[in-house]
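Please read the briefing below alongside the sequence and the coordinates. It covers the fold as a whole, then a few local sites.

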Amino acid sequence: MSELQFDFVIVGGGVAGCILANRLSDNPATRVLLLEAGGKDNSPLIRAPGGLLPIMMSGSHAWRYMSAPQPHLDNRPLYSPRGKVLGGGSSINGMVYDRGFHSDYDRWAQAGNAGWSFADVLPYFRKLENYLPSDDIWHGKGGPIQVTRAGQDHPFARAFVEAGQQAGHPYNPDLNGADRHGFGAVDLTVGKGKRSSASSAYLHPVMKRANLTVLTGALSRRILFNGKRASGVEFAHGGAVKTASATREVILSSGAINSPQVLMLSGIGPAAHLREHGIEVVHDLPGVGQGLQDHLAAHVRYKATKPLSMLRYLNPLRGAVAMGQYLISKTGPLADPGMSVACFVKSDPALDEPDIKMLLIMALFSQNGQKMVPIHGYYAHINVARPEARGSVTLASADPGSPPVIDQNYNATENDRRVIRRGVQIAREVFNQPAFDDYRGDELAPGPQVQSDAEIDAYIRATAEADYHSVGTARMGSDPMAVVDSQLRVRGLEGLRVIDASIMPHLPGANTAIPVAMIAEKAADMILGKPPLPAADIPQANT
């Protein structure tokens with residue numbers, strides 16, 4: 001491998017890496033290497049949407065990271081896994097297709113990042129999707145990622161949407177359309193009963209290209225430099241340390257946790273911190289690893305009076321029937337990830353747009369989804385859509401095989417605490433509407449004894465969990481703490497870009513897999529020198 005040259009070396013086979021491998025290798029004369037530290041995505045549990053449950057419960061295909069103790073969450077370390085498989089998070093996530101608010105991207109542009117407003121990025125969202133329900137200004141047809149509307153036939157799902165309206169919130173026919181406010185069906189990255197991950201949509205169709213090399217089990221150790229120009233990557237593979245040169249660019253797509261780690265291991269980052277670990281400084285870039293943002297999840301849980309939750313499919317007979325149904329027709333429980341409705345609501349009616357996201361989960365879990373509670377029930381999964389708290393990713397050691405120190409600094413601001421508390425209160429209001437009368441059992445958490453603001457805050461500190469939407473640790477901008485420019489080139493260096501969730505200046509009010517896919521599609525045009533897709537004509541800003 002050390003004698004081979006490539007035009008592009010892509011570090012990380014997650015969402016962005018798979019898309020870039022496809023787009024950059026489209027020219028047969030362009031040699032592309034994709035390095036993925038995890039394994040292949042050939043498990044049938046990955047392909048079947050309902051396989052999410054055993055994937056979640058086993059933690060397979062994940063780096064099983066833990067955060068630093070969180071001072072605003074009773075000093076608890078939180079489980080913070082990352083994808084360890086081709087497709088990254090898109091191969092193991094809940095398959096919710098979620099873009100965020102229009103204003104999320106307008107904020108990126110307003111921060112000095114030209115070309116990243118919602119009007120600029122909407123054409124790339126449309127390009128990447130094959131949206132089965134419709135083809136309109138908000139959605140596209142013919143793209144690689146299959147997107148379907150979740151079914152609404154489960155009694156809990158119907159009750160949730162109806163209860164939201166009974167509680168005074170609007171119904172929303174398209175949560176990824178003109179407006180985010182209200183209760184409605186989620187969109188899913190599922191097509192024909194199969195998960196549509198970045199690897200299945202982008203990578204597998206081009207794996208046989210002679211100019212594309214994909215290596216799994218390849219742990220990148222550091223980026224190599226010739227002066228200030230990135231010249232290749234050193235990586236461990238098959239028990240040996242190897243190198244691959246990049247004549248055009250090295251592209252770092254290892255995610256918001258591992259991309260800053262690789263940069264720092266390569267001598268790029270806060271100089272004093274690098275020297276603490278005996279790493280020679282190539283380029284002093286103080287923003288590397290700083291500005292970590294993530295969603296924190298609080299839960300309101302109820303016991304169900306009817307045995308309708310996903311727990312019923314752990315019954316061996318029901319499970320066998322479900323497997324047979326899926327194998328024969330790609331239908332039934334294994335064709336459904338079990339998440340079908342969500343809402344975006346306002347903590348204060350005077351707000352211009354919602355600041356709380358809530359997803360209905362139709363089963364009860366513990367240990368960050370790793371164990372299903374043997375009680376039929378349901379719960380609201382509640383996020384502050386755009387938290388103010390900022391944390392960091394720093395090195396624990398100079399060993400590439402050791403996880404970095406992940407400190408999300410969750411729940412650190414008074415507004416974050418107020419909004420997530422209000423989310424718990426709103427969830428209770430919704431679940432106590434008449435629509436849930438036929439299904440509502442005891443409130444299991446927080447529990448009826450928890451009522452005051454102080455009691456709810458204590459419950460959140462003791463039980464809230466990480467939501468795995470890390471961004472911002474190599475953010476885009478032009479200020480001294482920015483790591484990449486608006487073309488995603490690392491500032492002060494040549495031949496090196498970062499293309500993944502770490503470049504986001506602000507966390508969108510959304511799951512992050514689809515925003516990362518958009519970033520990768522847009523970045524591919526930048527790298528190849530193509531003009532950006534024409535900006536969309538947005539009829540009206542969302543509220």
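The points below go from the whole chain to single residues.

This is a predicted model, in which local features need pLDDT of at least 70 and side-chain atom pairs count only at pLDDT 80 or more, while totals for chains, interfaces and linings use all residues. Residues are numbered from 1 along each chain as its sequence is written, and side-chain values use heavy atoms, with hydrogens and water left out.

**Overall fold**

- The protein chain contains 13 helices and 29 strands; these are DSSP runs numbered from the N terminus, with helices being H or I of at least four residues and strands E of at least two.
- The C-alpha trace spans about 70 × 50 × 50 Å along its principal axes.
- Of the contacts between residues at least 6 apart in sequence, 70% join residues at least 24 apart, where contact means heavy atoms within 4.5 Å.

**Surface and charge**

- Buried residues make up 59% of the 543 in the protein chain; buried means under 20% relative accessible area, exposed over 50%, and partly exposed in between, with a 1.4 Å probe and protein chains only.
- The accessible surface is about 19900 Å², and 52% of it belongs to carbon and sulfur atoms; areas come from the Shrake-Rupley method with a 1.4 Å probe.
- There are 52 positive and 51 negative side chains, and the centres of the two sets are 6 Å apart; Lys and Arg count as positive and Asp and Glu as negative, without His and the chain ends, and charges are placed at NZ of Lys, CZ of Arg, CG of Asp or CD of Glu.

**Cysteines**

- The structure has 0 disulfides, a disulfide being a pair of cysteine sulfur atoms within 2.5 Å.
- Cys18 is buried because its relative accessibility is 0%, and Cys343 is buried with a relative accessible area of 0%.

**Helix 8**

- In helix 8 (residues 255-265), 11 of its 11 residues are buried, among them Asn258, Gln261 and Met264.

**His72**

- His72 sits in the loop between strand 3 (62-63) and strand 4 (82-83), and counts as partly exposed because its relative accessibility is 27%.
- His72 and Arg461 are 389 residues apart in sequence, yet their C-alpha atoms are 6.5 Å apart.
- Beyond four places in sequence, the contacts of His72 include Asn409, Tyr410, Arg417 and Arg461.
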